[in-house]
Amino acid sequence: MTVQELQERILQIKPLDEKAMEEAKVRQDALAKPPGSLGLLEDISIQMAGITGSVKNEIKKHCVVVMCADNGVVEENIASAPQSVTLAQTINFTRRLTGVGALAESFDSDLLIVDVGINGKVPEGLYTEEPFSDTHKIVNRRIADGTKNLAKEDAMSREQALRAIEIGLEMAEAVKAGGYSVFGIGEMGIGNTTTSAAILSAVTGQPAAKTVGKGGGVVDSSFARKKEIVDKALEKCGGKDILTILSQVGGFDIAAMAGAFIGAAIHRIPVVIDGYISAVAALTAAELAPACKSYMFASHKSYEQGYNLAIEALGLTPYLHMKMRLGEGSGCPLAFKIMEGACGVMNRMATFAEAEINDDYLEEIRKGDCF
Ligand SMILES: O=C(O)c1ccc[n+]([C@@H]2O[C@H](COP(=O)([O-])O)[C@@H](O)[C@H]2O)c1
Ligand SMILES: Cc1cc2nc[nH]c2cc1C
């Protein structure tokens, strides 16, 4: 995919339906409750209306797209786990034995597992070429055996970055074709809290001290090296255009996730951000296509340092504070249930009139700042 082709796709993103959002707000205010008392559930239902164009929505089918890839920067000893864990966990996704696998099973979510560039061999028979042909297989979209070491050279070429974004766009299209009402975007890739921090620093101009956390767990010497690498990345590509940042210090997983966030907006599908890496991928998408932000929902506040910076840059509020920092898309099935609840409120709650409560007493309250 060329930059121009990507720009053309981005131009297909339309703003939210303001009229549907206004109607949704009017209905929320007419429901039998103190105005605003259902907090973020109200905001979610209004945003959903803006995306679908209907005041009443239902979450029927949901899935998590998990982008799996390796990162050459692990050579620098910045992660506690060996690189082979990326492949092992990707295989375990197919058996639903991972965190996101267990949560997806608990909440009836499907998984779409994608190999965008794992440095290892997926066993024969576990690959599929066609998304959703078998959700217990891995969609083969390998770009390379992981990225290069960003501490020494560019992580990937511009062409590879664009190819990864294109894969994300393709997966969002498959989600649309599969009839899903919402999807989440997760990842698996040892070393990707370093690539995420490098992108976040380069985009926001903030030093490693603000963007680097301990990821899956690191000893002090590795933590110091991780910060050193991210500060060098900031020096190298801070303030540059996002495609340059992505190719110099990013990962195949993050680029593909960014493409999927953009694809969600193109196809008007509500899309859920998982943890730190997912939030940085969402920010990457927003740098490429600011209009895609309105289609995003933040699931949970990751414990990883830097998450707040990323989510605040997106102007979003995470729903759950669970001290989670697993990644994989594990926060997404939980968020789908919250979104289902938000739709349930909008669809099923009685209005003041239906509940036979005279709401004249609210006139002054609605005008003033009473809460
Ligand atoms: O998403 C998060 O909030 C998150 C925070 C810390 C770690 N992770 C996961 O841990 C892996 C990256 O950690 P690390 O230390 O190898 O960079 C990767 O596979 C992520 O899914 C994920
Ligand atoms: C076991 C393991 C599982 C993970 N899932 C996401 N990141 C991970 C890192 C490790 C080490």
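**Reading burial, ligand shells and a helix face**

User: Why does Glu328 count as buried?

Analyst: Glu328 counts as buried because it has 27 C-beta neighbours inside 10 Å. The term means that 20 or more other C-beta atoms, placed from the backbone, lie within 10 Å of the residue's own; 12 or fewer make a residue exposed, and a count in between makes it partly exposed. This is a predicted model, in which local features need pLDDT of at least 70 and side-chain atom pairs count only at pLDDT 80 or more, while totals for chains, interfaces and linings use all residues. Residues are numbered from 1 along each chain as its sequence is written, and chains are lettered from A and ligands numbered from 1 in the order in which they are written.

User: Where does Glu328 lie, and which residues is it in contact with?

Analyst: Contact means C-beta atoms, placed from the backbone, within 7 Å. Glu328 lies in the loop between α13 (307–314) and α14 (331–348); helices here are DSSP runs of H or I of at least four residues, strands are E runs of at least two, and both are numbered from the N terminus. Leaving aside neighbours within four places in sequence, Glu328 is in contact with Val66, Thr98, Gly99, Val100, Gly186 and Met188. An unreviewed UniProt entry places the feature "active site" at Glu328; such annotations may be inferred rather than shown by experiment.

User: Which residues are around ligand 2?

Analyst: A residue is near a ligand if its C-beta atom, placed from the backbone, lies within 6 Å of it. Around ligand 2 these are Ala81, Val85, Gln89, Met188, Gly216, Leu326, Gly327 and Glu328.

User: What comes nearest to ligand 1, and which element gives the most to its shell?

Analyst: Of the 22 residues around ligand 1, Thr193, Gly215, Gly275, Ser302 and Gly327 come nearest. Helix α7 gives the most, with 3 residues. At least two residues each come from β5 (182–188), α7 (192–204) and α12 (276–288).

User: Which residues of α2 are buried, and which are exposed?

Analyst: Met21, Ala24 and Gln28 are the buried residues of α2. They fall within an arc of 60° seen down the helix axis, so they line one face; the arc is taken from the directions from the axis to the C-beta atoms. On the other side, Lys19 and Val26 are exposed. The cover over the buried residues includes α3 and α14.

User: Where is Ser45, and what is it in contact with?

Analyst: Ser45 is in helix α3 (residues 39–52). Beyond four places in sequence, its contacts are Ala24, Gln28, Ala342, Cys343, Val345 and Met346. The C-alpha atoms of Ser45 and Met346 are separated by 6.7 Å, although the two are 301 residues apart along the chain.

How values were computed
Two residues are in contact if their C-beta atoms, placed from the backbone, lie within 7 Å.
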